Every structure is written in C-alpha cells, then in structure tokens.
Amino acid sequence: MNEMVKLAEINGPLWFRSLDGNGEELNLKEYARSFPPFIGMKPANLTAEATKATGTVMINSLALVETLTDTSQWVDWALLCSVCAH
C-alpha cells in the first residue's frame with residue numbers, strides 16, 4: 001500500500017514530464033531506488049511500464065484495490081489492457 005501511495009503523489013520524484021508534454025512518465029531509476037525488488041534482480045527481458053493517465057471505472061474503491069492486488073486476476077487484466085491499448 002505504501003508503494004501505491006508514493007506512486008500517486010503529485011509532483012513526487014518518481015515522475016517526470018513526458019517529452020511530448022502531454023503526460024508524465026515513471027522515473028525508473030528513482031523507482032528502483034525507492035522500491036528495491038523483494039525477490040531478486042529482474043530478468044533482462046522484463047520491461048516496466050507505468051502511467052498516471054486517468055479514467056473512470058464503474059467499481060467501488062475496495063473492489064478495485066482487491067482486484068489490483070489479487071494476482072490470480074492479473075492475467076485477465078493484462079489481456080484486457082493489451083486489447084484496449086491497441
């Protein structure tokens with residue numbers, strides 16, 4: 001939960017203005033310094049993506065947090081996000 005709160009901070013060191021000026025990008029070096037990995041080094045082929053883009057979802061906050069923290073639902077969300085992104 002601490003990580004989610006820090007990531008949501010406005011004007012925090014974890015984010016910088018994107019090159020096109022239309023959004024913010026995650027500062028991966030600052031993120032790695034702030035949140036060291038719990039299970040060792042990440043694989044070389046693993047990529048990280050993040051956004052502070054906003055949208056509206058029709059779900060209450062408790063259900064949303066439970067869904068985002070339930071690893072068994074990540075596969076379904078990843079598939080949905082990849083479809084929506086294209």
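I began with Trp15, which is buried, with a relative accessible area of 10%; I take buried to mean under 20% relative accessible area, exposed over 50%, and partly exposed in between, with a 1.4 Å probe and protein chains only. I note at the outset that this is a predicted model, in which local features need pLDDT of at least 70 and side-chain atom pairs count only at pLDDT 80 or more, while totals for chains, interfaces and linings use all residues. Residues are numbered from 1 along each chain as its sequence is written, and side-chain values use heavy atoms, with hydrogens and water left out.

**Entry 1: the whole chain**

I looked up the secondary structure and found four helices and two strands, running α-β-β-α-α-α from the N terminus on; helices (H or I, at least four residues) and strands (E, at least two) are DSSP runs, numbered from the N terminus. Of the 86 residues of the protein, 9% count as buried. The mean pLDDT, the predictor's confidence in each residue from 0 to 100, is 76, and 80% of the residues reach 70 or more. I noted that confidence is lowest in helix H4 (residues 74-85), at a mean of 60, and highest in E1, at 85.

**Entry 2: Trp15 and Glu9**

I placed Trp15 in strand E1 and then asked which residues Trp15 touches, not counting residues up to four places away in sequence. With contact meaning heavy atoms within 4.5 Å, I found Leu7, Glu9, Glu24, Glu25, Leu26, Asn27, Ala50, Thr51 and Lys52. I also looked up Tyr31, which is 16 residues from Trp15 in sequence and 9.0 Å from Trp15 in space, C-alpha to C-alpha. Glu9 sits in the loop between helix H1 (2-8) and E1 and is partly exposed, with a relative accessible area of 39%. With residues up to four places away in sequence left out, Glu9 touches Trp15 and Lys52.

**Entry 3: Ser18**

Not counting residues up to four places away in sequence, Ser18 touches Gly23, Glu24 and Glu25.

**Entry 4: the salt bridge**

I then asked how many salt bridges there are, taking one to be a side-chain nitrogen of Lys or Arg within 4 Å of a carboxyl oxygen of Asp or Glu. The count comes to one, and in it the side chains of Glu30 and Arg33 meet at 2.5 Å, N to O. Side chains of opposite charge can pair when their charged atoms come close. Because Glu30 and Arg33 are three residues apart in helix H2 (residues 28-34), they are separated by about one helical turn. I recorded Glu30 as buried, with a relative accessible area of 16%, whereas Arg33 is exposed, with a relative accessible area of 62%.
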